[in-house]
Amino acid sequence: MSQQYPALLIIVPLLSALLISITGWINKRLCFPIAVAALAVSAYSCIGLLLRVVDEGVIVYRLGGWDPPMGIAYYVDHLNALVLVVVSVVALINLIGSKKSIELEMPGKTAPFYALYVLQVTGLLGVVVTGDAFNLYVLLEITALSGYAMLAMGDDRAPLSTLNYLYIGTIGACFYLLGVGYLYIVTGSLNMVDIANILPPLYESKAVLAAFIICLVGVWLKMAFFPLHAWLPNAYTHAPSAASSLIAPLVTKVMIYVMIRLILTVFTPEFTFNILAISEPIVWLAVVAIFMGAILALAERNLKKMLTYIIVAEVGYMVGGAWLGNRLGMTGAILHIVNDALMTLCAFMVVSNVAYKLKGYAFDDLKGLFRKMPFTMGAFVVAALSMIGVPPTCGFFSKWYLISGAIQSGQYAFMVALLFSSLVNVVLFFRVIEICFYEPFSDHHGHGHDHHAEPMAEAPVSMLVPLYVVAGGLILVGIYTSDIVNYVIEFAIPKSIL
Amino acid sequence: MVWQLDLAILTLVVITAVGSLMVKDLLGAAILFGAYSFMMCALWSIMGAVDVAFTEASVGAGVSTVLFVAAVLRTSRRTRD
Amino acid sequence: MKIIGLIIAILTGVLLLSATADFPIFGDPDSPASTHLSPYYIEKTMEDTSVPNIVTAVLADYRGYDTMYETAVIFTAGLACFIILRIFVREEPGDRLYRHVLTGVTVRVKEGAKLPPSDDFERIDTMWTPPDLIIKTVCRLLIPFIQLFGLYVIAHGHHSPGGGFQGGVILGASIILLAISTDLRTAVQRMREKVDAILCPVGVIIYAGTGALCILFGFNFLDYSALAPLLHVDPITARSHGILIVEIGVGIAVMCTMIWIYNILSSGGKYDEGL
Amino acid sequence: MGDLLQIIVAKYNYWIYITLMMIGLYAMIGKNNLVKKIVGMSIFQTAIILFYVSIGVKKGATIPILEHGHGEHGHSAAALIVHAVDYVNPLPHVLMLTAIVVGVATLGVALALAIKVHNRFNTLEEDEILAQIREK
Amino acid sequence: METITSIKPLLAVLVSLLVTPLLVSSRTPNVREAWTFVAAIAKFLIVLSMLPTILKGTEIVYTVAEFLPGAAIKFRVDSFGMLFALVSSSLWIITTVYSIGYMRGLKEHSQTRYFCFFAIALSATIGVAFSANLLTLYLFYEILSLATYPLVCHHQDHEARSSGRKYLLYIVGTSIGLALPAMLISYNLAGTLEFGNQGFLAGTASKPLIGLLLFMFIFGFAKAAIMPFHSWLPAAMVAPTPVSALLHAVAVVKVGVFSVVRVLTGVFGTDLLLSFDLGSIILVVCSFTILVGSLIALSQDGLKRMLAFSTIAQLSYIVLGIGLLSPKGLTGGMLHIAMHAFGKITLFFCAGAIFVATGKKNISEMIGIGRRMPITMGAFFIGALSITGLPPCGGFWSKWYLLLGSLEANQMAIVVVLLLSSFLNACYFMPIVYKAFFCKPEDSLFENKVREAPVCCVVPLVITAVISIVFLFYPEPFLELATMTVSRIMGVQI
């Protein structure tokens, strides 16, 4: 059966999403177990696949039994195996953790929500695993459509911000499609590896350049890279907790994966870094993204919205790291995909726990939260440390690689931006922690004023356990960074990048 | 393929596209959009893409227009731009 | 905003235009697109799948995986419309209108009162206008033929333009036509929401399940030649049959989704009174 | 001048597709009405489909359906000789079938969202909606 | 250098970390404090059990996880780390006793949180002491910064909030803004972060870059409170006194100084600093801090604030000793870590005991208090002597070595600075003692009968005072560890 892992990891969630939407009309209680089982099988297959890839190297899976350039094929290498594991595990944990919150926020529509949730995961996994440029587009659209639907389930303003996301997302996807068309017109192929083989004599062609730029812009639109980020904060802020804690960690990261895949496989590093020579302006753009994300986050007085701006800054990290054009930077970017997915998941799960109990996450609502929800806040601290980049949490190590890469390539501005963003994160998170740490002040202050403390109102255990699994994961991934880098990422980056 | 016909349809396509964006009546825009889709469909069948043309005729000119009409009737019909 | 839009549009246009200079001439038979992959499809399709319509063969077999997701996209859209718009409201209190089918007499039933169960009366909308007789009659006449044509398009996709999508859309359009020419209630009576919403994923399941079945036979996903022992035919014909099966799945899914989306949109999510 | 004209004639499909795409893109960004934006989105998507279909065109070739009379079954067809130059490139058609369907799916979701927005704000004009949000 | 691999350093770090769940789940305060005791004593015993090995000249190494070549999470127990670990682990036991008395005496809230973070902070301190490379050191340094935040802000009022902000801004801001990039640049230059006897930066970079790195490191570890990054320390005095005592006289500030010393010796190496003549920069910065810190201390009325400024000045002694780059100076600097710790903790304990007993915080309110609290003020006197560097206290040794070191290095100006500073120390300590014992208390100051603080508060300060005196006669373990370190670094026998 292990031969079929690449197919199983997609098919099982897809079929179960369909099954969920059928059972939703018959017996709503069955939906959740089906979803969990499907994602568990998927995660199991992903991990199995990663282990196989580490053992055997690249795995090619021919769908429909057709040879690659004719049919669609998966090329599972170290890079996408790693991202697959991240996506499936994050989705599984979040699903388990947000059952209560889904039931609270969407009474009556849980079944279609679970179906869309699983479809979204299917789409993301498909985007990551596929080796065909056009297939990627179709899966991107599944991801996008299910994402729109889930995001629109939030509060009053959610439909409007989702509609804006839809416009931008569609432009992004269409740009990508257009880029693929440009590649197709000059190469005649849609298979990524095949395109890469045909491209070298065409590197001078303007069409290839245009294809590259238009694909890149499309992907940037979808990942909310700085000047194109306007849709993200509102769309994520007004979304229901379960949706935002799935989409926020994964969608931007998967888009970064797509960008790295374009750089590494389709256009090859040779073309991207040596022939184009546009790395420097893009790294500068990333610097601006980091600065702006940090500054915009500072201006927010709402926990969830603040986190969304941090995502914008983190996207800057990864784009910048990938475009440094050296091994360290690329390692940092790939490692940060893993780390940032976990960090963001942890932070957003905290937000959904808070929303479950408080019905609001403006800063003023958070006073005395450490007493009310000590366990949730404990996890929040871990997430905050990781975002700041304090060892041994994983955020430190990816930042380490990114900064090392910046030093190696002499992009000191990027280093400064990373450090600046770390400092701003300190301010951001400790501002929140401070607000949560102090009780609402009374007039007389002094010692021993625990008599008017509010009673503890912690989120249910079913939300806390997954949260702590993630928080523990942040530290574990940090400790095992060297293994991830040495056994996986090292092989994910072609030898031509030094 | 007669290039004059091709050119004429291409021009019509652009005109209907601009028209559907210009009219102040959303219902009119929906119908013009249907016309646009149908022109496209004609264009593609000239180009030999019969399957695509068929799909566009049923999906683009058919269902899409109906969906537009349904949405416009459910919301408001007038617009300022 | 308009100026920004204009600038962005022009910038994109200039970028794309500048690249067209390196394109092959329009319609050039020696362009890379026409010489790299497509000759294989054109020349080998018959051999590999015995389907004369190359588009169908590529769509449902060589790139069948794409098409499966395409169907899933449609299904996702239906689900999305459902979750976004669908409102489950209790019947609003107030008078209801019924029409006696045979005589056309409209009956107003006071709040709380009930009509005896009978097939002679049908519920009508509050803003109900009697459908035009000509339109109604013509549509009644047309709809069976439209449906027949839809089935033909699905079944004959191997040999002529068409296939699951087109056929599915036509089938769906027939029901939509019914909803437009009479009213939504009539259409929903023909196709209940629950049936519709269940058939929708069933269509996709037919597709994905066929693919998964191939795994059970020890072949790769969507490798229809695996079905040969099941269908008692040779592998190449099995591919042809496999294509037909998945096209049927696509047809069902697309038909149901189109109806579903239309009903939800036109009723504003309440699924009771249409346009 | 003659060269230029030749280039224009040789690639006018591309020119039109770019024009349409610009119109669509402009409408998506610049238009104020949400449904107009959706119309723009559909035009944008169709423009791209036009581009793809244009790629597949082959001068002097026919539609990609093999002619009948060569035998209905694969075995006998194995002997059949088909010349690739006789048929237009089917691959872009396949891709665009998918793209059309994706387009209508997006359209449906977008319209559903627009109706939802209209239910909430009672208007489809973006500036009016933003003004309502700011007022609160 | 002989090395053996043993898990003991990791155990020493983890023992107080692992006890925190037990603390949280304890039913009653007694159980909780019993666990704290168990952990403290276990930690001390583990550290002590490594002492003979270290004194034999063997190092203990344990690698937890290798993250990059040359940058692992790795422990290495050497003589210098041992010195620091001994000081902090032994003082934890004493402080625990004191904390119990103090916290119960004042009926503080959230005591469980207090003890938990105290334990975590101690883990981090030992981690810093035993770290084998810059990465591990940085890791525990940051953990310490964050673990002490809830302790500093324990009172959760407006003052605590603003102080906490300042604390974090200075400590975390500098470590991320300066120390982290300096560490990364060093790694990129040398390809390793492993502390070496003669550093690892030698021969990798030009003088300006080395100078820049030096600045980034010295100021990056702002816990060392070298001016101008010192003002968090007085602000952090809002914390409960045991916290101030252990963390701000021992753990936190000493971790800062320890890190600076480690970096100077283990990253740059004395030879490199000598050859680039960078020692004098350190000397100037430190002398400035010493004099200004002492002068400000003179003008303070709040007892704890005064002690804070005194600490700022005394910390720079240690860095100054290293900056002399002479064997005796180094010995003096390292020895001062231990001597100052015991002296200063005595003073803080006294301040806390006074507060528990009388509720007074300001020096001007303590006139005549010595008659009511003779034991406390007696201990205060001993502590003051030790800090000033006068016999019969241990502080004499470190000052003595520092003086010898500056003579050895031919730095006459430093000799003057040291003597002047000692004079200033005497100036701000002695009047307190004098007034406490020999002036008559104003009646309005103490309405009712003032007694000594609870036993739990008094016993620890007596112990530390006695230890301070014992050090004059028996400085062996610390002196020997310091000289061992110096001979390893400088290659000379003292």
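**Chain A, contacts and packing**

I looked up the contacts in chain A with a separation of 6 or more, and 79% of them join residues 24 or more positions apart. I count two residues as in contact when their C-beta atoms, placed from the backbone, lie within 7 Å. A note to keep in mind: the model is predicted, local features need pLDDT of at least 70, side-chain atom pairs count only at pLDDT 80 or more, and totals for chains, interfaces and linings use all residues. Residues are numbered from 1 along each chain as its sequence is written, while chains are lettered from A and ligands numbered from 1 in the order in which they are written.

Next I checked burial: 69% of the 498 residues in chain A are buried, meaning that 20 or more other C-beta atoms lie within 10 Å of the residue's own, again with C-beta atoms placed from the backbone.

I found 21 helices and two strands in chain A; these are DSSP runs numbered from the N terminus, helices being H or I with at least four residues and strands E with at least two. Chain A is as compact as a globular protein of 498 residues, because its radius of gyration of 22 Å is close to the 23 Å of the globule rule. That radius is taken over C-alpha atoms, and the rule is 2.2 Å times the number of residues to the power 0.38. Along the principal axes, the C-alpha atoms of chain A fill a box of roughly 75 × 60 × 45 Å.

**Where A meets E**

I then turned to the contact between these chains, which takes 30 residues from chain A and 31 residues from chain E. On the chain A side, α18 (394-408), α19 (412-437) and α21 (481-492) each supply at least two residues. Which helix gives the most to this side? I see that α19(A) does, with eight residues.

**Chain C, confidence and sheet**

I looked up pLDDT, the predictor's confidence in each residue from 0 to 100. Its mean in chain C is 85, with 98% of the residues at 70 or more. Helix α5 (residues 64-85) of chain C has the highest confidence, at 91, and strand β3 (residues 121-124) of chain C the lowest, at a mean of 76.

That strand belongs to an open antiparallel sheet of three strands, in the order β2-β1-β3 (chain C). β2 (106-109) and β3 of chain C are at the edges with a single partner strand each, so one side of each has no neighbour in the sheet. I count strands as paired if DSSP finds at least two bridges between them; β1 (residues 96-100) of chain C and β2(C) have four, in the antiparallel sense. I also noted R96(C), whose bridge partner in β2(C) is V109(C).

Definitions and conventions:
A residue is buried if 20 or more other C-beta atoms lie within 10 Å of its own, exposed if 12 or fewer, and partly exposed in between; C-beta atoms are placed from the backbone.
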